[in-house]
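Please have the sequence and the 3D view at hand while reading.

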Amino acid sequence: MGNKLSGKDLIKLGFPKNNSINIALGQINRYRKREKKESILTEAKEVLLYPDKFSGHGTWGKVAEGLINPVQVRMHQLKTTRVPFTIFGENEIDEQAKFQLYDSLKLPISIAGALMPDAHSGYGLPIGGVLATDNAVIPYGVGVDIGCRMSLSIFDLPVTFLKGKDHQLQGILKDHTKFGMNETHAIKADHEVFYRQEFQGIPLLKRLLDKAYKQLGTSGGGNHFVEFGIVKIDNPLDEWKIGAGEYFAVLSHSGSRGLGANIAKHYTYLATKQCPLPKNVQHLAWLDLNTHDGKEYWLAMNLAGDYAKACHDDIHRRIAKALGKRVVVTIENHHNFAWKEMVNGKECIVHRKGATPAAEGQLGIIPGSMTAPGYIVRGKGNTESLNSASHGAGRLFSRAKCKSTFTQSEIKKVLQANDVTLIGGNIDEAPMAYKDITKVMANQSELVEVLGTFTPKIVRMDR
């Protein structure tokens with residue numbers, strides 16, 4: 001008896017000669033290849049006899065599904081008509097982003113869609129795209145950085161707190177924030193998210209636990225940042241316990257790090273295998289939420305979202321501790337995620353790829369750029385936008401275009417003119433790369449009400 005498990009071994013056990021054998025071999029090779037063949041065969045026999053018992057199991061759940069109710073893999077075609085949609089700020093959006101939305105509106109699972117005024121083209125759904133689907137989730141409709149989010153901490157400190165502390169505040173950002181692929185904190189923090197059952201029950205997540213632990217409280221590259229600045233509150237809420245005025249604050253933008261990226265990659269691959277689509281829309285492949293992989297992705301996505309929040313909480317905790325001050329108001333929101341929400345009286349999966357949830361009364365923060373204000377907003381619950389708003393100003397120039405258009409000295413001049421100090425940051429994040437946030441906000445006045453602004457002063461990004 002050779003040591004490597006083969007399809008013949010499974011047929012001998014009594015497995016039907018169908019795709020369940022390929023699924024079993026795939027799962028075993030991916031997650032159990034270091035184990036003894038005999039013990040795996042003993043388990044496989046159990047799965048064959050009692051598949052119901054293994055429904056939802058990390059390694060065997062997919063095999064059990066293949067035995068009881070196999071996933072039907074068939075080529076899907078786009079419909080000829082689009083489901084209802086609304087575009088906000090249409091004149092400011094590039095054609096490619098609109099065409100990407102139009103394609104997604106023809107998916108057989110689509111119910112409704114919307115495009116936010118900061119939209120620009122991306123993979124799968126455009127950035128700023130919102131799509132409601134029927135019991136199906138599109139990994140690329142959520143995006144690679146699952147649960148990417150904003151978090152604003154307001155301190156009960158006057159703006160004068162910034163005066164003369166430039167050097168000290170830069171030091172706090174340099175010492176207490178970490179960016180990019182390799183930087184991690186010397187003293188790691190623990191968090192309840194690491195004890196979640198998903199980290200034990202889903203084999204992919206089990207392998208990512210160590211990486212997630214190391215990266216807690218760190219930020220990614222690209223447009224992720226942690227910055228000190230000035231909050232101006234125009235319309236305070238009673239629960240904030242602070243009045244109208246200007247305050248010292250910290251704003252951060254980042255997501256679920258390597259954990260989210262690996263989840264996205266894995267389940268996107270599974271979606272494209274299970275849901276063949278015409279080549280031009282293959283990025284919009286979905287997972288049915290009744291299937292093993294669909295259920296597993298949903299759990300993994302929600303875990304990544306909670307982990308992203310944990311990262312922000314840790315960043316803000318470290319900074320507040322270094323400042324020796326207490327946070328009085330926190331405003332935060334996800335923007336690369338999918339939610340179960342009611343749309344036209346039916347529960348749907350609402351994907352917001354680079355869009356801020358803006359249900360009635362829901363608070364959020366929409367950043368501008370390094371030299372433009374961000375906006376503290378309260379949602380108006382507009383059903384045409386599927387209760388959504390923009391997630392920022394949106395790009396005017398792609399990353400590649402920035403490199404050929406702007407120079408470091410131009411960026412320096414713009415930062416100096418706006419009295420902004422930048423630590424790190426690349427040319428592709430030049431303030432000039434972004435749309436005019438005031439125009440974007442004007443184009444979504446029916447989606448959100450503005451309660452205040454945040455103006456960056458000391459910005460830390462990846463190098």
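The sections below cover the basis of the values, then individual salt bridges, then a network.

## Basis of the values

This is a predicted model, in which local features need pLDDT of at least 70 and side-chain atom pairs count only at pLDDT 80 or more, while totals for chains, interfaces and linings use all residues. Residues are numbered from 1 along each chain as its sequence is written, and side-chain values use heavy atoms, with hydrogens and water left out.

## Salt bridges in the whole structure

Searching the whole structure gives 23 salt bridges, a salt bridge being a side-chain nitrogen of Lys or Arg within 4 Å of a carboxyl oxygen of Asp or Glu.

Asp 314 and Arg 318 form a salt bridge with an N to O distance of 2.7 Å, and both belong to helix H11 (residues 292-323), where they are four residues apart, about one turn of the helix. Helices (H or I, at least four residues) and strands (E, at least two) are DSSP runs, numbered from the N terminus. Asp 314 is buried at 6% relative accessible area, and Arg 318 is buried at 11%; buried means under 20%, exposed over 50% and partly exposed in between (1.4 Å probe, protein chains only).

In the salt bridge between Glu 449 and Arg 378, the closest N and O atoms are 3.2 Å apart. Glu 449 lies in strand E17 (residues 448-461) and Arg 378 in strand E14 (residues 374-379), so this pair ties together parts that are 71 residues apart in sequence. Glu 449 is partly exposed, at 31%, and Arg 378 is partly exposed, at 26%.

Through salt bridges that share partners, Arg 395, Arg 399, Lys 403, Asp 428 and Glu 429 are joined into one network.
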